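Let's take a friendly tour of a protein model. Have a look at the picture below, and then we will start with the aromatic rings.

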Amino acid sequence: MIATVEELALANRILAHEGVLDAFGHVSMRHPTHPDRYLLSRSRSPLLIEPEDILEFTLDSEPVRPPKALLYAERVIHGSIYQARSDVIAVCHHHAPVVMPFCIAGKPIVPVFHLGAAMGEQAPFWDQHDEFGDTNLLVVKPEEGRSLARALGNHSVVLMNRHGATVVGTNLKELVARAIFMCQNAEYQLRALALGVPEPLHRGEVKLAGTISAMPNVVNRTWEFWSMRLEASGAMPPRHLPAKTPRRAMPRSTRGAARERSRRTISADPVPQR
């Protein structure tokens, strides 16, 4: 479990360092041994997340233990998707600057280079106003989270009109790679518009290239690369330090005997070492 929370803290910082997350946005993963729970940080900027910030939640997005800190208001995004998709192990909600023009204009992001195939053939849109009218655009009610999960369907990405995007993965490293590659794809698509109409990948190319980008050796290679970039910036999260076990006091009756044994051991002739 220690390794799991350390990896989730690292994922938060990688996505922030690579420009997917800003002061807002969040990353979660399904609990490795309790699939009816998920792990998510307390409310904090992703670049600052530490292992000690990670908390457990039920799939109804209620904390398993009474929290001592503020929680993300939009955590229902995560719980609702985990409820709807048993195959999803990790979720990221973000407002990446390069994705926002598409969310504002209502124009689709389509895979235009081979690594962009990680996002899948298409990303559906979800407009909160269609179902809930005027809101502050935060997804905070369970019914809003369920509506978003329905719009996501079996896709890997859902674009949220005038808000941002939500990305899912079958494991945490795959999720991180998909979120970053999707942002790179959006940037290339925007740049290509200056030259003409971008030609997206063919359907078969999306399937084949997407399969390669999800292979463990590819995912591990990119994870190592982004981890080293984060380390070079000096922003690696601290390691999780388990609580110290209190030292048991020695009974008074044995303290004198222990001191005497220690004195005799120190004063004894040393044993030759071969």
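## Aromatic rings

A search through this whole predicted model turns up four aromatic pairs. One of them is formed by Tyr38 and Phe57, and this pair is stacked. Their ring centres lie 5.4 Å apart, with 20° between the planes. Tyr38 sits in strand 2 (residues 37-41) and Phe57 in strand 3 (residues 54-58), so this pair ties together parts that are 19 residues apart in sequence.

Are these two residues buried or exposed? Both Tyr38 and Phe57 are buried. They also belong to one aromatic cluster, together with Tyr82.

## The protein as a whole

Now let's step back. The protein has nine helices and seven strands. It is built from 274 residues, and 43% of them count as buried. Take the contacts between residues at least 6 apart in sequence: 67% of these join residues at least 24 apart.

## A space inside

How many cavities of 30 Å³ or more does the structure hold? There is one. The largest cavity contains about 40 Å³ of space.

You can find its lining by looking for Ala118, Glu174, Ala177, Arg178, Ser213 and Ala214. Helix 6 (residues 172-193) gives the largest share of this lining, with three residues.

Terms used:
Residues are numbered from 1 along each chain as its sequence is written. This is a predicted model: local features need pLDDT of at least 70, side-chain atom pairs count only at pLDDT 80 or more; totals for chains, interfaces and linings use all residues. Side-chain values use heavy atoms; hydrogens and water are left out. On a 1 Å grid over the protein atoms alone, a cavity is a set of points where a 1.4 Å probe fits but cannot get out, and a pocket is an open set with protein on both sides within 12 Å along at least five of seven lines; lining residues have an atom within 4 Å of a point. Grid points are joined across faces, edges and corners, and a volume is the space filled by probe spheres set on the points. Helices (H or I, at least four residues) and strands (E, at least two) are DSSP runs, numbered from the N terminus. Buried means under 20% relative accessible area, exposed over 50%, partly exposed in between (1.4 Å probe, protein chains only). Contact means heavy atoms within 4.5 Å. Rings of Phe, Tyr and Trp (its six-membered ring) pair if their centres lie within 6.5 Å; planes under 30 degrees apart count as stacked, over 60 as edge-to-face and the rest as tilted.
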